[in-house]
Amino acid sequence: NEQTNQPSSNDNQAGVHAPLQELENLEELRRATAAFVDGDIELCRDQLRDAYARYPNLPPQELMLARLYLSSGDLSTGRKLLEEVSIAAPDYPELFLMFGQLALLDGHVTDAILHFERASSVELPENWTDAQRAYFEQETVNGQTKIAEMRRDWDEAARLYQQQLKAQPQNAALRDRMAMALFLDGQTKQAFEQFDIAYRQDKTNSRPEVSMAVMCVRAGDFRKADEWFA
């Protein structure tokens with residue numbers, strides 16, 4: 001249960017090097033990843049080039065290589081490769097998404113806002129699959145939600161969580177985080193309702209009364225917390 005933590009859409013680096021959805025199991029990509037792990041960067045580049053030639057809806061080769069470096073924790077090389085992509089393909093949508101996610105990792109919220117605003121307005125490639133489009137749109141909203149939380153704009157965070165829930169209505173963890181944002185925005189009745197739904201969707205969550213009590217403790221309202229615990 002995340003209720004003892006600050007609401008967060010994603011606090012790790014996973015979003016920076018997310019999988020290629022249904023294309024992630026392509027043989028060329030598996031070989032490229034294996035070559036990267038073995039330290040054979042030239043073979044890795046060759047495999048990525050072959051994959052892009054066969055499936056042109058994949059990201060540019062350098063962007064896919066940047067993903068691998070970012071995944072390995074080498075953020076410096078990953079950033080340099082993204083800069084190369086920005087010269088060769090300045091309007092490629094995922095570029096803005098990845099720069100936005102990196103800005104969030106650095107705590108550069110204003111930079112992140114600009115990148116995610118661009119990501120939300122850029123024209124998506126016609127040859128992208130439905131899964132690619134859905135993933136890109138989901139990650140863009142995830143980034144915007146994280147920004148709202150970092151700026152303590154709980155009303156906006158709750159609105160963005162609601163937007164995500166339209167596509168994932170059975171996601172209890174997402175609903176739990178929306179409930180926390182609602183509570184922090186002062187919408188306690190709505191927060192309890194969402195905690196209750198989240199509990200009924202996933203009984204590993206705390207009971208809604210306990211969730212409300214924990215939030216009251218965090219807010220310093222111990223009298224109200226005692227009432228909820230009772």
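In which helix do Glu27 and Arg30 both lie, and how many residues apart are they? Select the two residues: both belong to helix H1, 3 residues apart, about one turn of the helix. Helices here are DSSP runs of H or I with at least four residues, numbered from the N terminus. The side chains of Glu27 and Arg30 meet in a salt bridge at 2.3 Å, N to O, the term being used for a side-chain nitrogen of Lys or Arg within 4 Å of a carboxyl oxygen of Asp or Glu. A search of the whole structure finds 13 salt bridges.

Before moving on, note that this is a predicted model, in which local features need pLDDT of at least 70 and side-chain atom pairs count only at pLDDT 80 or more, while totals for chains, interfaces and linings use all residues. Residues are numbered from 1 along each chain as its sequence is written, and side-chain values use heavy atoms, with hydrogens and water left out.

Next, select H1 (residues 27-37) together with helix H2 (residues 41-54), which pack at an angle of about 165° with their axes 8 Å apart; the axes are lines fitted to C-alpha atoms over the stretch in contact, and angles run from 0 to 180 degrees between N-to-C directions. H1 and H2 are therefore roughly antiparallel to each other, a label for angles over 145 degrees, as roughly parallel is for those under 35.

Finally, select Val210, Val217, Phe222 and Phe229, which form a nonpolar patch on the surface with about 350 Å² of accessible area together (Shrake-Rupley method, 1.4 Å probe, with only the protein chains shown counting as cover for residues). Such a patch joins nonpolar side chains within 5 Å, from residues with over 30% relative accessible area and no salt bridge. Helix H11 (208-219) and helix H12 (222-229) each supply at least two of its residues, and Phe222 is placed in H12.

Conventions: Patches are made of residues with over 30% relative accessible area and no salt bridge: like charges are joined within 9 Å, nonpolar side chains (Val, Leu, Ile, Met, Phe, Trp, Tyr) within 5 Å. Angles under 35 degrees count as roughly parallel, over 145 as roughly antiparallel, 65 to 115 as roughly perpendicular and the rest as oblique.
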